[in-house]
Amino acid sequence: MRLTILFDAPYWVGILEVERDNYLYAARYIFGAEPSDQEVYEFVQRDLLALLAHMTTGLPIDSIIEQQVNPKRAQREVRKQIAQQGITSQAHDAMRLQIEQNKQSASIVNREQREALREYKRDVARAKAKARHRGH
(Lines give C-alpha, C1' and ligand atoms only; values in the text may rest on other atoms or scores of the structure.)
Protein backbone atom coordinates (compact mmCIF):
# COMPACT_ATOMS: atom_id res chain seq x y z
CA MET A 1 0.00 0.00 0.00
CA ARG A 2 1.36 3.39 -0.94
CA LEU A 3 -0.11 6.85 -0.40
CA THR A 4 1.32 9.63 -2.54
CA ILE A 5 0.30 13.22 -1.91
CA LEU A 6 0.88 15.63 -4.77
CA PHE A 7 -0.32 18.93 -6.13
CA ASP A 8 -2.70 18.48 -9.06
CA ALA A 9 -3.73 22.05 -9.87
CA PRO A 10 -5.73 23.51 -8.19
CA TYR A 11 -5.98 20.89 -5.41
CA TRP A 12 -3.73 18.67 -3.32
CA VAL A 13 -4.56 15.05 -4.06
CA GLY A 14 -3.73 11.80 -2.31
CA ILE A 15 -3.31 8.75 -4.54
CA LEU A 16 -3.65 5.39 -2.81
CA GLU A 17 -2.22 2.33 -4.56
CA VAL A 18 -2.73 -1.21 -3.27
CA GLU A 19 -1.41 -4.45 -4.75
CA ARG A 20 -3.59 -7.45 -3.89
CA ASP A 21 -3.89 -10.86 -5.54
CA ASN A 22 -1.81 -9.78 -8.57
CA TYR A 23 -4.11 -6.82 -9.16
CA LEU A 24 -3.36 -3.13 -8.75
CA TYR A 25 -6.11 -1.09 -7.11
CA ALA A 26 -5.94 2.70 -7.02
CA ALA A 27 -8.07 5.49 -5.62
CA ARG A 28 -7.84 9.25 -5.42
CA TYR A 29 -8.70 11.46 -2.44
CA ILE A 30 -8.89 15.24 -2.81
CA PHE A 31 -7.51 17.17 0.17
CA GLY A 32 -8.14 20.67 -1.19
CA ALA A 33 -5.56 22.96 0.40
CA GLU A 34 -2.10 21.63 1.26
CA PRO A 35 -2.71 19.05 3.98
CA SER A 36 -0.86 19.28 7.26
CA ASP A 37 0.57 16.22 8.96
CA GLN A 38 -2.45 16.21 11.29
CA GLU A 39 -4.89 16.22 8.36
CA VAL A 40 -3.07 13.30 6.71
CA TYR A 41 -3.13 11.40 9.99
CA GLU A 42 -6.87 12.04 10.35
CA PHE A 43 -7.40 10.85 6.78
CA VAL A 44 -5.55 7.62 7.52
CA GLN A 45 -7.50 7.09 10.74
CA ARG A 46 -10.95 8.02 9.43
CA ASP A 47 -11.27 7.75 5.64
CA LEU A 48 -8.68 5.19 4.55
CA LEU A 49 -10.79 2.09 5.29
CA ALA A 50 -13.80 3.52 3.45
CA LEU A 51 -11.56 4.31 0.48
CA LEU A 52 -10.14 0.78 0.53
CA ALA A 53 -13.70 -0.61 0.52
CA HIS A 54 -14.52 1.39 -2.63
CA MET A 55 -11.56 -0.08 -4.52
CA THR A 56 -13.27 -3.06 -6.14
CA THR A 57 -11.92 -2.97 -9.69
CA GLY A 58 -8.26 -3.56 -10.26
CA LEU A 59 -5.90 -3.95 -13.17
CA PRO A 60 -3.96 -7.19 -13.50
CA ILE A 61 -0.27 -6.86 -12.80
CA ASP A 62 1.83 -8.52 -15.44
CA SER A 63 4.04 -11.14 -13.94
CA ILE A 64 7.39 -9.48 -14.50
CA ILE A 65 10.47 -11.43 -13.60
CA GLU A 66 11.97 -9.40 -10.80
CA GLN A 67 15.69 -9.02 -11.04
CA GLN A 68 17.77 -8.57 -7.96
CA VAL A 69 18.70 -4.93 -7.54
CA ASN A 70 22.11 -3.89 -6.36
CA PRO A 71 21.73 -2.49 -2.79
CA LYS A 72 23.67 0.65 -3.73
CA ARG A 73 21.35 1.27 -6.68
CA ALA A 74 18.30 0.73 -4.45
CA GLN A 75 19.73 3.23 -1.96
CA ARG A 76 20.29 5.78 -4.76
CA GLU A 77 16.70 5.32 -5.94
CA VAL A 78 15.37 5.85 -2.43
CA ARG A 79 17.50 8.99 -2.05
CA LYS A 80 16.24 10.28 -5.39
CA GLN A 81 12.58 9.73 -4.41
CA ILE A 82 13.10 11.47 -1.08
CA ALA A 83 14.75 14.43 -2.82
CA GLN A 84 11.82 14.69 -5.24
CA GLN A 85 9.32 14.69 -2.40
CA GLY A 86 11.18 17.48 -0.64
CA ILE A 87 11.66 16.18 2.86
CA THR A 88 11.67 19.62 4.50
CA SER A 89 8.14 20.90 4.67
CA GLN A 90 6.94 24.42 5.30
CA ALA A 91 6.00 23.44 8.85
CA HIS A 92 9.54 22.22 9.50
CA ASP A 93 10.99 25.48 8.15
CA ALA A 94 8.58 27.51 10.29
CA MET A 95 9.59 25.57 13.41
CA ARG A 96 13.27 26.10 12.59
CA LEU A 97 12.72 29.86 12.25
CA GLN A 98 10.80 29.89 15.55
CA ILE A 99 13.68 28.10 17.30
CA GLU A 100 16.19 30.62 15.92
CA GLN A 101 14.01 33.52 17.05
CA ASN A 102 13.71 31.98 20.53
CA LYS A 103 17.50 31.63 20.71
CA GLN A 104 17.99 35.29 19.81
CA SER A 105 15.43 36.54 22.33
CA ALA A 106 16.90 34.28 25.04
CA SER A 107 20.39 35.65 24.38
CA ILE A 108 19.10 39.21 24.65
CA VAL A 109 17.34 38.43 27.95
CA ASN A 110 20.44 36.70 29.31
CA ARG A 111 22.65 39.64 28.33
CA GLU A 112 20.29 42.07 30.11
CA GLN A 113 20.27 39.87 33.23
CA ARG A 114 24.09 39.75 33.27
CA GLU A 115 24.28 43.54 32.94
CA ALA A 116 21.72 44.00 35.73
CA LEU A 117 23.70 41.67 38.00
CA ARG A 118 26.92 43.57 37.24
CA GLU A 119 25.20 46.91 38.02
CA TYR A 120 23.83 45.50 41.28
CA LYS A 121 27.26 44.21 42.36
CA ARG A 122 28.87 47.53 41.43
CA ASP A 123 26.27 49.48 43.45
CA VAL A 124 26.72 47.21 46.48
CA ALA A 125 30.51 47.62 46.29
CA ARG A 126 30.19 51.43 46.06
CA ALA A 127 27.80 51.48 49.03
CA LYS A 128 30.24 49.40 51.11
CA ALA A 129 33.15 51.68 50.14
CA LYS A 130 31.15 54.78 51.16
CA ALA A 131 30.21 53.14 54.47
CA ARG A 132 33.86 52.33 55.18
CA HIS A 133 34.92 55.85 54.22
CA ARG A 134 32.43 57.42 56.60
CA GLY A 135 33.65 55.24 59.40
CA HIS A 136 30.35 53.71 60.42
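Predicted model: local features only at pLDDT ≥ 70, side-chain atom pairs only at ≥ 80, totals over all residues.
Is Glu 119 buried, partly exposed or exposed? With a relative accessible area of 38%, Glu 119 is partly exposed.

**Layout**

The protein has four helices and four strands. Of the 136 residues in the protein, buried residues make up 12%.

**Salt bridges**

Let's turn to charged side chains. Side chains of opposite charge can pair when their charged atoms come close. Here the count comes to five salt bridges.

| Salt bridge | N to O distance |
|---|---|
| Glu 17 and Arg 2 | 3.2 Å |
| Arg 118 and Glu 115 | 3.0 Å |

The bridge between Glu 17 and Arg 2 ties together distant parts of the chain: Glu 17 sits in strand β2 (residues 11-20) and Arg 2 in strand β1, 15 residues apart. Glu 17 has a relative accessible area of 23%, so it counts as partly exposed. Arg 2 is partly exposed too, at 48%.

Helix α4 (residues 90-134) holds both Arg 118 and Glu 115, which are three residues apart, or about one turn of the helix. Their relative accessibilities are 46% for Arg 118 and 39% for Glu 115. Arg 118 is therefore partly exposed, and Glu 115 counts as partly exposed as well.

Why are Glu 119 and Arg 122 separated by about one helical turn? The two residues are three residues apart in helix α4, and that spacing is why about one turn lies between them. Arg 122 counts as partly exposed because its relative accessibility is 37%.

**Aromatic pairs**

Next come the rings. A pair of aromatic rings is described by the distance of the centres and the angle of the planes. Searching the whole structure turns up four aromatic pairs. In one of them, the ring centres of Tyr 29 and Phe 31 lie 5.0 Å apart and their planes meet at 75°, so this pair is edge-to-face. The angle matters for that label because planes over 60 degrees apart count as edge-to-face.

How do the two partners compare with the solvent-accessibility cut-offs? Phe 31 has 18% relative accessibility and so counts as buried, since the buried class is under 20%. Tyr 29, at 25%, is partly exposed. Ring pairs also bring in Phe 43, linking Tyr 29, Phe 31 and Phe 43 into a cluster.

**Surface patches**

Which residues form the positive surface patch? They are Lys 72, Arg 73, Arg 76, Arg 79 and Lys 80. One of them, Arg 73, lies in helix α3 (residues 71-85). Its relative accessible area is 47%, so Arg 73 is partly exposed.

A nonpolar patch on the surface is made by Leu 3, Ile 5 and Val 44, which together have about 180 Å² of accessible area. Leu 3 belongs to strand β1 (residues 2-8). Leu 3 is partly exposed because its relative accessible area is 31%.

Note on methods: Residues numbered from 1 in each chain as written. Heavy atoms only, no water. Patch = residues over 30% accessible without salt bridge, like charges linked within 9 Å, V, L, I, M, F, W, Y side chains within 5 Å. Areas by Shrake-Rupley, 256 points an atom, 1.4 Å probe, with all protein chains shown as cover. Salt bridge = Lys/Arg side-chain N within 4 Å of Asp/Glu carboxyl O. Lys, Arg positive; Asp, Glu negative; His and termini not counted. Charge placed at Lys NZ, Arg CZ, Asp CG, Glu CD. Buried < 20%, exposed > 50% of the residue type's maximum accessible area, 1.4 Å probe, protein only. Phe/Tyr/Trp six-rings, centres within 6.5 Å; stacked < 30°, edge-to-face > 60°.
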